[in-house]
Amino acid sequence: MQAAASCKKLRTPRPKKYFVDRLSPLPNDVLHRVLSYLDFLDVVRTSVLSKRWRFVWTSVPYLNFNMDWFLKYNYNERFECLEPQIKFWDFIKWSLLLRDGSQIIKICMYSDNMMIDQLNGLIRVAARQKVQELCFLGGDYTSKELEFPRGLCETLIVLTLNLCDTIPLRVTTVFSSLQSLTLRGVHIPCDTAEKLLSNGCAKLENIYLEDCQIKDLEQIDILACNLKNLTIVNVCTCDRFWAVGSFDSKLRICAPKLLSFCYIGPVLRGFALENTISLKNVSIRLLRVPGNYQVEYKNHLLCPARFIGLNSAKSLTLSTLVVKDRKFGLSRDKKLPSLFIRLKEIPWSRRKSRKALENRSPWKSRIEDIACLSYNVKFIQVSNLDGSEFVLELVKFLLQNGKVLQKMEIMHRGGERKQKNFKELITLPKASSEVVISFPEYSQRKIPWFDRGDSDPEYDD
Amino acid sequence: MVTTDEKGPLTAKKKSVIIRSCDGDEFLVSESAAVLSTSLKKILEEKEDRLIHLSDIDNKTLAMVIAYLSTHADDGLSDDLKRSFDQEFVSGKEFDVLKYLVLATDTLQVTCLCYTVAKKMADIMKNKLVEWVRREFDIQNDYTPEAEAEIRRLDAWAWDDRQLEDD
């Protein structure tokens, strides 16, 4: 009956009732796990706790270096920049040199003023050590490249670069073990983009790109056979981040296991989802759309024909601009049970676009959406309503056509002024007898990223 | 409800497992919850035995681990709810309780909980003076004052004049 034989034995003595060291008896690997969440300076300093602790730090496989402490306690007006930097890098080098030779699994480093040469040195150490997880936070103002040698490309499982400035990234080969890639504030040259995103990174499951530049590519291909989550926030293809039409390439995504796709950023020149049969959640929000986009950007994301691949999505989240053209891009064969509409505030200073918005043809004239709306959409959430005619009309349209609609959530912006308009909605004619309308608090239903930065203009006059 | 597994017969239907703590008490756990622990899963794969004896884990700790496993095996709960459960789970617990939890989860190989608990323990120790850690955890300083000073001198690169909070 004693099945415990094959269970790993607990290596510490049973808890004793009397006064006893509460920390030191823990086995080293458990201690390492606890220490992995501490700044490495604190970890090194455990060496004076007692003889048991003398060399514990030398085998901790998770290293967190943070320059904050060095800045705080080495502040010196005369050397205000360099002295803490030098001490910080000194500390890093000694911590690496005096290790007992055991493997390093993770290096995380925070510094608000990185010395790229030193950092490249650290990357080479990481490559030699076959590090699995690398995380650099902070930034620098430099045009020097961060270089990833071959060895590291092959062993890294998690890579996070969260930089303040767009630092160029150079990789030698594909990341064959990489599962999670997070890049923020990185300049991705075309050959790096090809190695990272198109082909080769067979194990990649999560890609998150924010404020990145991908230059000199006619078409950006994201081909990853195991990709599950893809988020692209404000990625552009030219130097000027905030310019109109800053994304001047085509985007093609081919990922059969993709579950969730979120795009927030400028209008794309071309967009295609291919072989994305697993796709469940799609969120699209466009920023800085030029006023005349319909003429100039015929084949852009907004064109329903380009929504190929969204057909199997279970939920679709759209912002004002996408719906402003009075169509959702829902074709007849879409089986979409949930629709989320996140309206964005249009500043009063932009009355022109506001007026243009309100003067479009009424919702009911757009028949291509109705089939999907009528027979598939069961749940609709409209957020950030301001009570204007435009949105009231939208809600009316949705209610009149949603034949299988079960639930609708309407979240209005703060303020009492037009609340009574919303209450009237309950009495409107509805196509579905089962529909329940509720008015939850907006703040409780916020979507991270999507609802961030509402000050970004979606229109450009 | 039971996670489908190519191993077949074991996980075909919803089954329960009895787990006995070192205090001798027995806990009835659904198999879908038990297999979230890598060690328990291995035991179940190797043997048809429905009774597992854990000679290293006491009642109180085992009950907590099982509560965690059952919550995470519940398909009806969203990931968000599970996350907030995790936070709730470790908050307000004494250091010693956390210590036995971290040991138990290490033994049972419940990685996710092990990490959460270890992080909570680290939060308690974060940015503390060496003296504070010694006092708080009853660590006997077996260095002579000279030996300790010698280490600090040798590792001068890690001993700047940083002052930490002393709670």
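**Group meeting: a two-chain predicted model**

Okay, let's start with the annotation: an unreviewed UniProt entry places the feature "domain: F-box" at residues 20–54 of chain A. Bear in mind that this is a predicted model.

Next, the contact between the chains. Chain A puts in 39 residues and chain B puts in 47 residues. On the chain A side, helix H1 (28–35), helix H2 (40–45), helix H3 (68–73) and helix H4 (82–97) each give at least two residues to the part that touches chain B. And what is that side of chain A made of? We get 22 nonpolar, seven polar and ten charged residues.

Now the packing. The largest nonpolar core has 115 residues, and the ones with the most contacts inside it are Val186(A), Leu196(A), Leu230(A), Ala34(B), Val65(B) and Val102(B). Take Leu230(A): leaving aside residues up to four places away in sequence, Leu230(A) touches Ile207(A), Ile222(A), Ile253(A), Leu258(A) and Phe261(A). There's also another core, apart from that one, with ten residues, including Ile380(A), Val382(A), Leu405(A) and Met411(A).

Last stop, the strands. Strand E12 of chain A, residues 260–265, pairs with E14(A) in the parallel sense, over six bridges. Within that pairing, Ile264(A) stands opposite Arg285(A) of E14(A). So why call strand E14 of chain A largely enclosed? Because five of its six residues, in the run 281–286, are buried, the rest of the structure largely encloses E14(A).

That's my tour; happy to take questions.

Technical notes. Residues are numbered from 1 along each chain as its sequence is written. Chains are lettered from A and ligands numbered from 1 in the order in which they are written. This is a predicted model: local features need pLDDT of at least 70, side-chain atom pairs count only at pLDDT 80 or more; totals for chains, interfaces and linings use all residues. A residue is buried if 20 or more other C-beta atoms lie within 10 Å of its own, exposed if 12 or fewer, and partly exposed in between; C-beta atoms are placed from the backbone. Helices (H or I, at least four residues) and strands (E, at least two) are DSSP runs, numbered from the N terminus. Two strands pair if DSSP finds at least two bridges between them. Two residues are in contact if their C-beta atoms, placed from the backbone, lie within 7 Å. Ala, Val, Leu, Ile, Met, Phe, Trp, Tyr, Cys and Pro count as nonpolar, Asp, Glu, Lys and Arg as charged, and the others, Gly among them, as polar. A nonpolar core is a set of buried Ala, Val, Leu, Ile, Met, Phe, Trp, Tyr and Cys residues joined through C-beta atoms within 7 Å. UniProt positions are given in the numbering used here, feature names are shortened, and annotations may be inferred rather than shown by experiment.
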